[in-house]
Every structure is written in structure tokens, then in C-alpha cells.
Amino acid sequence: MKKISTPYLLLLPGFAFLFTFFILPIMNLAQTSTQTRIENGDTGQYEQTLRFANYFDAFIENREQFTRSFVYALIATLLALLISYPLAYALAFKAGKFKNILLVLVIAPFFTSFLLRTVAWKQILGEEGFVVPSLRTIGIISESTTLTSTSFAVIMGMTYNFLPFMTLPLYASIDRIDPRTLEASGDLYANGFTTFRRVTLPLSMPGVVAGTLLTFIPAAGDYVNAQILGSPNTKMIGNVIESRYFRVVDYPTAAALSFTLMAAILILVTLYIRKAGTEELV
Amino acid sequence: MSTKQKDASIPTLPVGALISRWIGRNLIRIYMFFAFTYLFIPVAYTFAFSFNDSGKSNLVWKGFTFDNWTNPCGAPQVCSALGNSIKIGLLATIFSTILGTMIAFAIGRHAFKGRSASNLLIFLPMATPEIVLGASLLSLLLVFQISPGFWPTVIAHVVFCMSFVVVTVKARIASLDPRLEQAAMDLYANEFETFRRVTLPLVAPGIAAAALLAFSLSFDDFIITNFNSGTMTTFPKFVYVSAARGIPAQANVIGSAMFFLALALVIIGQVVSRKRKVS
């Protein structure tokens, strides 16, 4: 409706910023990933060699942590979906006048620092917390079983910490469903389950896709939960990248691992969006 | 006879059936109760342990005290870390909100060549794990021999907050009724006046929500900050570093205070927007 240049002028500052501090660093990361260590050089000194075998080496060496990252992230995402869907549904359709208050209460826990909450879980599930002794008394877990430093604790922590990323998009898309479509389905003799499977779920798919992506992506790259709630046996790829940067000072391997992680996630996301058939997110 | 039968049928209903009927009727309420308990357990724990007379390590309950609340800066470094987090959060919010809102208007209000590519570019930082964002910026800093610290952290935060601002503001722009702007134009407002008096006030709640989101994302960020902040400490970094030895109760005080502050802000926002709707 106005000058052709207007949108480009509006985009210019933001995109210049993104180019300098997002695209350029990623390109630099790609470059770093093929460097090799200078022989007899100091720690952290590398030369550009285009050694693509870095990727192979890094992956073989850390395939266990890679697999674990994706398995943990997948389980956490599914758990978050199972917990959030009924919650979002109840908020959208059953909360009545309490809708806004309950919505605030869903987000509210996440105003307390992410790290404080994770540490709180560590202490709640720890030996001195109230969960382990009471489970032992009932006899659900044996005397020698612990909850912290296990994959259970890491997955539980991830599920908890990324829950709002699942609940909010789900709520947004379920709330948009016209309740009359559900009534119509009932009038056409569909029972509750059929109505859910054929009407509610398909209509809420954009929320499911957005929610699962927003949970899975940060979960796959996370290392805080594994660090605080886990043990050396639950290390994820994020832990490896972090230690390669800060403890081992092996930048090429760290860069190759980061790049592999990013590529794997982008491929999975693309396939998933294709399959789920929503372009709304982008 | 029939009434007698009916009377008899009520008490003979087994207790198990009564319970399962009650559960069936209240399933959603029961579910909500458990879900909210789960959500609030760590918050309640953090709040409770902010009153712990714990000394240095806040792991075991030792007794009730208000000392941590009256002296929130009592633990070394905790307040300077908090100050850094607030400064970084405010700067990142200002920059990402301005840049992101401009992009949201360009994409939401204009049809132009390269629009879908622009959408993709905005989506990419959200689809990139934080550790990759943090690591890539750090590797660029290393190349140019810039030492990590305050400004690199602000820049890194702007990168990942911006996409969330764009998405939030764009959604608000998309929900606007275009007839309102047409009406303004019909009433002889020029483009600039229409924008200032009609469009901007209508989009403002979206921008405010985006700014709040940007601040909370920045304030709570650990992974990207850890890569780009060098020796500077932020509040999440402080908690992470002290987690091994036990976090001082002052950190719980600050976490709880943030919780109540944010809750109050959101509730005030809700009340204000409801009053506006009514009037």
C-alpha cells in the first residue's frame, strides 16, 4: 500500500544484527570444525586444514551421548505432551471464569529461576528430601535405590523445566477451537473418544507441533539438567560440548559436535513439519 | 414396594462404586490438583527454604528465620550477580523489542519479495539449540580476540530474544481488524497519524507482552550466558556455580521475590486490560 522500500527498511537493522551475530558465527563455527591442532603448539592453538574427519571422529567418540540426548529429549517431550494436553484442554474448555487466573498460575512457577527450580528438584528427590524416605516406607523403591543421579531424574527435570513451552502453544490452539464443532460431533453420535480423535486433536495439531518442537529443541541441547540431576552415566551431548570448550579446550571437536547437533535437529524438525503438515509455525 | 426398593438401592451401592463415580465426575478437578501440585512443588520448596536459618549451605532445614529476607545481599556476590542479570535483561529487552517489532511490522503488514525467506531467518534462531548459539558466538569472539563479558552477553541475548519478540508481536498484528485503520484514513488521518493514534496503541499490548517475555528469557538464561560472559557472574550462573556446595538462602529469597514480583505484574496487567475492555 505504501512505498516498496518500507518493509526492507524495517527489516534492515534487525537482519543486519542477525547476520553479524547469528549467521556469521554459525559460518565461523563451520570453519572451526575442520581445523586441526598445531603440532607442538600450545593448548587451544589450531590451524585451518579442512579436516572433515573431525566430524567422523567426534561422532564416533560421542555417539553414546548423542543417542542419549535424543532419547531423553524425545521421552521428555512425550511426557510433557501427556501432562500438558489435559491441562491445556481443561484451561480452554472447563475453567470458566477462572481461566485467566489458572493460566497465570500455569506460567507462574517459571518466574522462579530455572536453575533454582532444578536445584530444588535435586534436593526434593535427594536422600534428605521427603520423596525418597516416604517411597521407601511404602516399599515402592528399595533401600538402596536413589532417585537423583539417575536418568529418571534428568528426564523428569527436563519435562518439568520445558513444560510451559508445551502448555502455552497447546492452550493457544485448543482455545481457538469453536466449542460448537465439538457439540456438532456429539450430535452426530460420536462418543467422547471419537470426538477427541476426529475433531479436537486434528484441530489442535498446530499447537501440538509447535509445543513438541519448542520442547524438543531446547531439551536435546540441554546440559543443565544432566549436570545438576544426573551422573557421569547420564551425560548428554551438551555436557560434552561444554567440557570440550571450557575444560579440554578442543574447539574443533566442540564445533563439529555443535554443528552435528544443529544439523540433526534441523533435519528432524523439517521432516516433522512436513509430516505433521503445518506451515503455520514458520 | 417400588419406593422401598428404590430406597434400598441407594445404601446398597458399594463404596467402591461410589468412589469411582465421584472420581469420574471430578476427574478434571483431580487432574488439575495434581498438575498444579507438580508445578508448584519446587517453587514452594524454594520459598520455604528462603526462611531457613542455614548458614552457608542451604541443604537441610535448621530453623526458621527472617534474616535472609532482611539481608538479601548477605551472601557474597549474590547481589552483584543479580545486578548484572537485571542490566543485561533490560538492555537485551530494549534492543530485541525495538528490532523485533520493526521486523514484525514488515512481515505482518507488508507483502514483499523475500517474505517467506525472512520468516525462515526468524525461525532459525529458535530452531537452534542454545548451546550452538552460545558456542558459535564464542568462536567468533575467539577469532577476533574479543574477550567474553558484559556486551557479548547482551548481544547473544538479543539474538535469541528477537525471534520470540517477532513471533509475539506478529500474532498481535495479525489479530488486528484492518477496518480500524481504514476508518482512521477515512477520517483524514495521514499514514503517520494512523500509525501513531490507531495501529500502535492497538499493537501495544503485544509489544508489552513481547518485552516481558524477552526480559524473562534473558534473565533466566544460563547456557548462552555461560559461553559468552567470561568471568562476569549473572544470577543463574551464580546458582549453577554454588549448586555443588549448596546455594545460600539469599538466592532463594531473590528467586521467591522475582516470583511474587512477576506474579503481581501479570495480575495488574490482567486487571488493567479488563478495565479497559469494560470501559
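Q: What makes chain B and chain A partners in contact in this predicted model?
A: Contact requires C-beta atoms within 7 Å. By that test, 67 residues of chain B are in contact with 63 residues of chain A.

Q: Which elements build the side of chain B that touches chain A?
A: Those giving two or more residues are α3 (27-48), α5, α6, α7, α8, α10 (191-220), α12 (235-242) and α13 (249-278) of chain B. The largest share, 12 residues, comes from α3(B).

Q: What is the make-up of that side of chain B by nonpolar, polar and charged residues?
A: It divides into 51 nonpolar, 13 polar and three charged residues.

Q: Why is L12(A) called partly exposed?
A: Buried needs 20 or more other C-beta atoms within 10 Å, and exposed means 12 or fewer. L12(A) has 15 C-beta neighbours inside 10 Å, so L12(A) counts as partly exposed.

Q: Where does L12(A) lie, and what separates L12(A) from A92(A)?
A: L12(A) lies in helix α1 (residues 5-32) of chain A. Its C-alpha atom is 39 Å from that of A92(A), which is 80 residues apart from L12(A) along the chain.

Q: How do you know that the span of helix α6 of chain B agrees with its number of residues?
A: The expected span is 1.5 Å times one less than the number of residues. For the 13 residues of α6 (residues 115-127) that gives 18 Å; the end C-alpha atoms are 18 Å apart, so the two agree.

Q: Which residues of α6(B) are buried, and what do they pack against?
A: The buried residues are S118(B), L121(B), I122(B), P125(B) and A127(B). In chain A, the buried residues of α6(B) pack against α1, α11 (205-221) and α14 (251-276). In chain B, they pack against α5 (78-109), α7 (130-143) and α8 (150-174).

Q: Which members of the largest nonpolar core touch the most other members?
A: They are A88(A), I103(B), A135(B), V159(B) and V239(B), in a core of 139 residues. This core draws at least three residues from each of domain 1 (14-74 + 248-279) and domain 2 (78-235) of chain B.

Q: What does V159(B) touch, not counting residues up to four places away in sequence?
A: V159(B) touches L18(A), F21(A) and F22(A) in chain A, and P125(B) and L133(B) in chain B.

Q: How many residues of domain 1 of chain B are in contact with domain 2 of chain B?
A: Six residues of domain 1 are in contact with five residues of domain 2. The domain 1 side has four nonpolar, two polar and no charged residues. The C-alpha centres of the two domains lie 29 Å apart.

Q: How does the radius of gyration of chain B stand against that of a compact globule?
A: A compact globule of 279 residues would have a value near 19 Å, but chain B has 26 Å. The C-alpha atoms of chain B fill a box of roughly 90 × 65 × 35 Å along the principal axes.

Q: How many helices and strands do the chains hold?
A: Chain A has 14 helices and two strands. Chain B has 13 helices and zero strands.

Terms used:
Residues are numbered from 1 along each chain as its sequence is written. Chains are lettered from A and ligands numbered from 1 in the order in which they are written. This is a predicted model: local features need pLDDT of at least 70, side-chain atom pairs count only at pLDDT 80 or more; totals for chains, interfaces and linings use all residues. A nonpolar core is a set of buried Ala, Val, Leu, Ile, Met, Phe, Trp, Tyr and Cys residues joined through C-beta atoms within 7 Å. Domain bounds come from an automatic or database domain assignment. Two residues are in contact if their C-beta atoms, placed from the backbone, lie within 7 Å. Helices (H or I, at least four residues) and strands (E, at least two) are DSSP runs, numbered from the N terminus. Ala, Val, Leu, Ile, Met, Phe, Trp, Tyr, Cys and Pro count as nonpolar, Asp, Glu, Lys and Arg as charged, and the others, Gly among them, as polar. The radius of gyration is taken over C-alpha atoms; the globule rule is 2.2 Å times the number of residues to the power 0.38.
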